[in-house]
Amino acid sequence: MNVEPEVIQVDSGADLALHLDRVRRHRSELRESVAAVDLALEAPIARGGMWRERVRAALAELAHDFDDHVALTESPGGIYDRARHTAPRLSGRVDRLLGEHRDLREAIHGYLAVLEHGGTVADLPVFREELTVLVGRLVRHRQKGGDLVYEAYDVDLGGQG
C-alpha cells in the first residue's frame, strides 16, 4: 500500500506550530499503537489462535498509524522537508529516519501479512521475540524523531506524545 503524502504548506511560524501540533497528536497515537502491540505480545502464547488474533489486531492498528506517521513526516513542506532546508546539518539524520521508515514499514506490514493471511508461524516464541525487537526499534525511532524535531525547531514533542 502506497500512502500518498499530502502537500502541507508550512510557510509561517503559525503554520509550523499547527503542523507540529498535528505531528504531536499523531506521535501520541503511534505511541499508543506500539504499546498495544507490546501488551498483546505479553499475553500467553499457549492461547494460540486468541494470541494470534490479539497480536494481529494490534499490528493492524500500528500499521495504519505508522503509515500516517510516514505520510505526515515525509510530506512536502512537512517537518523533515523543512528541517533539511532550515537546518542542513540535520540532513544526514533525516535521511537515516527516512531509511528507518522504509525498513520499519516493511517489517510491520510483513508480520501483519503473516497473521492476516494465515501464514504459518512454526515457532511462536521466536515470532514473539522478533516482534518484541520491532517494538524496541519503533521506540528508538520515535526518540530519534523527537530529538531531530527539538534540534531543528527547538520544540519538545514531549515524552507523552
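Visitor: Of the contacts in the protein with a separation of 6 or more, what percentage comes from residues 24 or more positions apart?
Guide: This is a predicted model, in which local features need pLDDT of at least 70 and side-chain atom pairs count only at pLDDT 80 or more, while totals for chains, interfaces and linings use all residues. Residues are numbered from 1 along each chain as its sequence is written, and side-chain values use heavy atoms, with hydrogens and water left out. With contact taken as heavy atoms within 4.5 Å, the share of these contacts that falls to residues 24 or more positions apart is 77%.

Visitor: Which secondary-structure pattern does the protein follow along its sequence?
Guide: Helices (H or I, at least four residues) and strands (E, at least two) are DSSP runs, numbered from the N terminus. On that basis the protein has five helices and zero strands, and reading along the sequence gives the pattern α-α-α-α-α.

Visitor: What percentage of the residues in the protein is buried?
Guide: Buried means under 20% relative accessible area, exposed over 50%, and partly exposed in between, with a 1.4 Å probe and protein chains only. Of the 161 residues in the protein, the buried ones make up 44%.

Visitor: What is the handedness of the crossing where α3 passes α5?
Guide: The axes of α3 and α5 are 10 Å apart and the helices pack at an angle of about 45°, and the two are therefore oblique to each other. A crossing is left-handed if the near helix is turned anticlockwise from the far one by less than a right angle, and right-handed if clockwise. By this convention, the crossing in which α3 passes α5 is left-handed.

Visitor: How many nonpolar, polar and charged residues does the contact of α3 with α5 have?
Guide: On the α3 side are I79, Y80, R82 and A83, which meet H141, L148, V149, A152 and Y153 in α5. By class, the residues of this contact are seven nonpolar, one polar and one charged.

Visitor: How many nonpolar, polar and charged residues make up the contact of α2 with α5?
Guide: W51, V55, L59, L62, F66 and H69 in α2 meet L124, F127, R128, L131, L138 and H141 in α5. The residues of this contact, by class, are nine nonpolar, two polar and one charged.

Visitor: Which two residues form the aromatic pair of the structure?
Guide: The structure holds one aromatic pair, where rings of Phe, Tyr and Trp (its six-membered ring) pair if their centres lie within 6.5 Å, and planes under 30 degrees apart count as stacked, over 60 as edge-to-face and the rest as tilted. The pair is edge-to-face, at 5.5 Å centre to centre and 80° between the planes. One partner lies in helix α4 (residues 91-116) and the other in helix α5 (residues 124-153), so the pair ties together parts that are 16 residues apart in sequence. The two residues are Y111 and F127.

Visitor: Which residues does V37 contact, leaving aside its neighbours within four places in sequence?
Guide: V37 is found in helix α1 (residues 13-42) and counts as buried at 1% relative accessibility. With those sequence neighbours left aside, the residues in contact with V37 are A58, L59, L62 and V135.

Visitor: How far is the C-alpha atom of G78 from that of L20?
Guide: G78 is found in the loop between α2 and α3, and it is buried, with a relative accessible area of 1%. Although G78 and L20 are 58 residues apart along the chain, their C-alpha atoms are separated by 9.0 Å.

Notes: Nonpolar A, V, L, I, M, F, W, Y, C, P; charged D, E, K, R; others polar. Axes fitted to C-alpha atoms, helices over the stretch in contact; angles between N-to-C directions. Parallel < 35°, antiparallel > 145°, perpendicular 65-115°, else oblique.
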